[in-house]
Every structure is written in C-alpha cells, then in structure tokens.
Amino acid sequence: MAAATNCLNDPGPSVWARCREFSQRRISTFTVVAILKINQPMRIAIIGGGISGLTAAYYLCREHDVTLFEAADYVGGHTNTVEVNLDGETHSVDTGFIVYNRRTYPLFCRLLDELEIPTQPTSMSFSVRCERTGLEYAGNGLNGLFAQRSNIWNRGFHRLLRDILRFSRLASRLLEDPDDNITVGEFFAREHLSEEFLAHYFLPLGSAVWSCPRNRFMDFPVRFVAEFYRHHGMLNLRDRPAWRVIVGGSRNYVRKLIQPFQDKIRLRTPVEKVLRTPDGVQIFSETSGGESFDHVIFACHSDQALRILGGEASPPERELLSAFPYERNVAVLHTDTSVLPHSRRAWASWNYFLPENDPGKATVTYDMNILQRLDSRHVFCVTLNGEDRLDPRQMIARFTYHHPVFTTERSAAQARHAELIEHRRTSYCGAYWGNGFHEDGVRSAWTVCQELLASDATQPSRNDNHVPHANFAGMHSVNRRGFRHA
Ligand SMILES: Cc1cc2nc3c(=O)[nH]c(=O)nc-3n(C[C@H](O)[C@H](O)[C@H](O)COP(=O)(O)OP(=O)(O)OC[C@H]3O[C@@H](n4cnc5c(N)ncnc54)[C@H](O)[C@@H]3O)c2cc1C
C-alpha cells in the first residue's frame, strides 16, 4: 500500500496526470478506475458507535468524510463507564468492556499506544458459588481453591480438579484434528468428563466468558472454545497473558479516539432504514428523511443491521448476518456483596453464581474494586442477570447489553466477511466477526478500512491532547438518587 496521505488536505496529482502515468505503466482500465475511485473522498455513514464503529471512523476520517450515527446518548456502546458519586467518594466504574491484554489484543493495543492511553495491570481470577450444593471456590491460589477447607477431602471436588487437567490434554489433542467439529455437549458425552467439572467449572466459565446461558454454551463448537482457551493461555497454569485495564475507566480511550471526528457524531439518532441505489445510499432516521452518502458501514450488531435493512437485505446479507444470534443480558452496577461467595477467601474478580432455582442465564458478578483497583469503603460490583437478588437500595445503574452467541455455523460465516465489504456500497464490522471481544471489533473495522482507504489504515497519527466535551465521552454520571435505567 502507498504511504499514508490525507486526500482531504492533499489532492495529489491531477486526475489526467495520473491517467497518463497509468497508461505509460500499462495498468488496466479497471485498475485505473478502481484506484481513482478509491482516492476520491467518499461520504461514509457509520451506524453504531461501539469500538468497531469508532475504530472505523477514526481511520476513515483521515481520507473520507464520515458521519457516525449512534442510537444511544453516549458513544462507546459496550464501553460504558459510569461516574459514581457515593458517600463523598467519586469513582469511574466500567459496566461493559473492562479488560484486555497485550498478547491477544495486538490491534487494540496499537490504538491505545497511538493514543497514549495510560493503562494498568489487573488481576483476573474466577470463582464459583453454587447455592444448591453450597460449594464455593476461587481459582486464585490454594487459599481460594480450598476456601472451604472441607473440600480438601471432598471426592467430587477432586474429580473437578482432576478433569481441569484432563480437559487441557483433551483440548490440545482435539486441536490437532481439524475434522473434529462437535459441540461442547457432544464432547462431554464422548470424553466422559465428570459432572462436577461440567456443572461447577466448565459451564460456568464458558457462560461467563461469553455471557451466554449455560445450555447455549453446550451448543458452542468445542473447537472454537478450545482454540480460544489455548490462545488465552487457559489450557495451562503458566504462560497466561497479563491482563490490563484503562486507568480511570475505559471511557478514557473513547474520549481520545473520537477527537478527530467528534463533530461528525450524531448521538440519540437511531438509523431506521437504509436504501441503496446505484448512485448512493440513503440513511433514514427520525430526524432525517433520507440523507445521501456514497457508502454505509453497519457497525451495529448483525441482527440490528438486518432489521434496519428489512426487505432491502440481499441473499448473502441475510444468510451471513443471521448466522450470529444475540443473547440479552442485564447488567447492574451496585454495592450489594450478597451475590459474592459467602467466604471472602473465595472472592475473585469474576464470580459466577449458580442459584438454587437456576434459570441457566449467566449470573456473574465482576468485582470492580479488584479489576480497576478502586480504593473505596464500598465494593463496587457489576452483576449480569442477577437483578432480582440485589437489594434495590444498593443498585446504582442498570443497562441492557446484547452478546453474540456462537454456533457451529459461525466460523464458515466469518470466513466470508470479505463478501460483505463493499457489497452494494455497504460494509460490515463488529466484534461478532471474531470471538466477540474488543480486539475483534478493532480487527473487523480495520479489515473494512483496508479496503476503503488508499493509504495504510494503521499508520499511527498523532493527535493533540484536546479532551472533548463531556456530553460525548463523559458518558454517564450517576449517584444513588439518580439511579439510571438504560
Ligand atoms: C458486560 C460486558 C463486559 C464485557 N467485557 C469485555 C472485556 O472485558 N473485554 C473485551 O474484550 N470485551 C468485553 N465485552 C465484549 C464487548 O461486547 C466487545 O468487546 C465490544 O465492545 C463490542 O463492540 P461492538 O462495536 O461490536 O458492539 P457495541 O459496543 O454493542 O456497539 C454497537 C453500537 O451500535 C449502536 N446501534 C445499534 N443500533 C443502532 C441504530 N439503529 N442506529 C445507530 N446506532 C445503533 C448501539 O447503540 C451501540 O453503541 C464485554 C461486553 C459486555 C456487555
């Protein structure tokens, strides 16, 4: 690719000069048209202001005229930091995206480095509390593992520990056989792993990682899970990636990321309809009866994109986008520690709760004091799907998030992402094109940018240190009295 240029500021040689140059170099007419087209600044509409849409806007605004439509009253999507004022203390607490690491988030880290975002190490650990059996343990050392000392002699618990090691071996073997494409449930039936391991470790862990109900996790392709665990060093005790968080909350990277295109963001503007013609794209929202663009990028979720397109969706759009179903999860920020294990020794940064009358949803509580190193008299927690068990007086904010659920069809659909880039003046990005995490959002946007930019999309550019208006990136500010519903 050519060196980075900004076509908006530097139009470069004239069109005729370029044509002469191309004819002398005997480049085909098709290539000439493609190169001339790609060097023309386009008006690009981006639908969705999560990490995927923001990354796309950040790179594309170097050459094109971007407008970002966001349905919510803040940018960031699942990056959603809440400023809490409680009993004289003020904290910025993350309620969505929290952690990343340098090993498995290379493109996201590149962005953070380019934006010079201060980050800090965090501690990742996992606990399980089962209301029916009373079992509690945390995987953060012997003290947490045997938080209940009676487990030293508990045979069921020994089976659980033994099968953690056995699963690591089986998963490594499975990854060597490319034809082994079975679900988690089929894998367990085949390998006779213990019920204790399944119920009190493997299903809670998978359900927590992908925020999906445990029975849906049973339908995940086991190869996908094993690959993810291997990639994240979860199949061995050593060589695990060092996890990090953004100092002062994840909104701090959003604040800097949006600086170059801040005036092009339209908050509270859900796109309702998109019409495509050979000449352009028309975007319809409540406030606009059809605004014209050259190209549209759907950076919202796949099911949301399909709803917006309605009857406009082409057969490949319908086929590929419907391969990624989503699961609804309610997240509550609160200070009620009753959802954590009874024994403090079993408190971890991620705490999975198996209620007696178990609806099967992922009920997981992130201990934000551990994850974000908050120094407070209170324990700030974010609980997914445990709302009914929380003391309403200790709730601070509530949000609804949707996570992609992975099926055995997923990898075939993901392998065809290129088909939906520059397809009828439309491209798609979103974390669902990968494992559902931040790196996947950045990577999918980056893939789209590579096609829509003449220059190298990932060339770092320096921004000044201007901090934008709080309405954009200050996001939510709440206190106990201002309990927030979203
Ligand atoms: C509680 C929670 C914790 C998580 N923790 C982590 C973590 O620690 N690390 C990690 O890597 N990942 C984490 N994730 C995963 C997270 O989902 C991804 O990392 C990533 O943020 C998803 O980005 P996205 O751009 O694909 O989607 P989103 O962030 O959901 O962005 C989509 C955007 O599209 C907007 N939109 C939808 N419809 C329209 C419309 N019609 N018009 C305009 N805008 C529209 C939405 O409002 C939203 O802002 C977490 C997710 C949740 C919910």
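Modeller: Happy to! pLDDT is the predictor's confidence in each residue, from 0 to 100. The chain has an average pLDDT of 85, and 85% of the residues reach at least 70. Over residues 1–37, though, pLDDT is below 50, and residues 460–486 also stay under 50. Where pLDDT is low, the predicted coordinates should not be read in detail. This is a predicted model, where local features need pLDDT of at least 70 and side-chain atom pairs count only at pLDDT 80 or more, while totals for chains, interfaces and linings use all residues. Residues are numbered from 1 along each chain as its sequence is written.

Now to the ligand. A residue is near a molecule if its C-beta atom, placed from the backbone, lies within 6 Å of it. There are 33 residues around the ligand, and Gly48, Gly50, Ser52, Gly77 and Phe437 come nearest. The shell holds 18 nonpolar, 14 polar and 1 charged residues; Ala, Val, Leu, Ile, Met, Phe, Trp, Tyr, Cys and Pro count as nonpolar, Asp, Glu, Lys and Arg as charged, and the others, Gly among them, as polar.

Helices are DSSP runs (H or I, at least four residues), numbered from the N terminus. At least two shell residues come from each of α3 (51–60), α12 (302–309) and α16 (438–452), and α3 gives the largest share, 3 residues.

Two of these helices also touch: Ser52 and Tyr59 are among the α3 residues that meet α16, where their partners include His438 and Trp446. Contact here means C-beta atoms, placed from the backbone, within 7 Å.

Definitions and conventions
Two residues are in contact if their C-beta atoms, placed from the backbone, lie within 7 Å.
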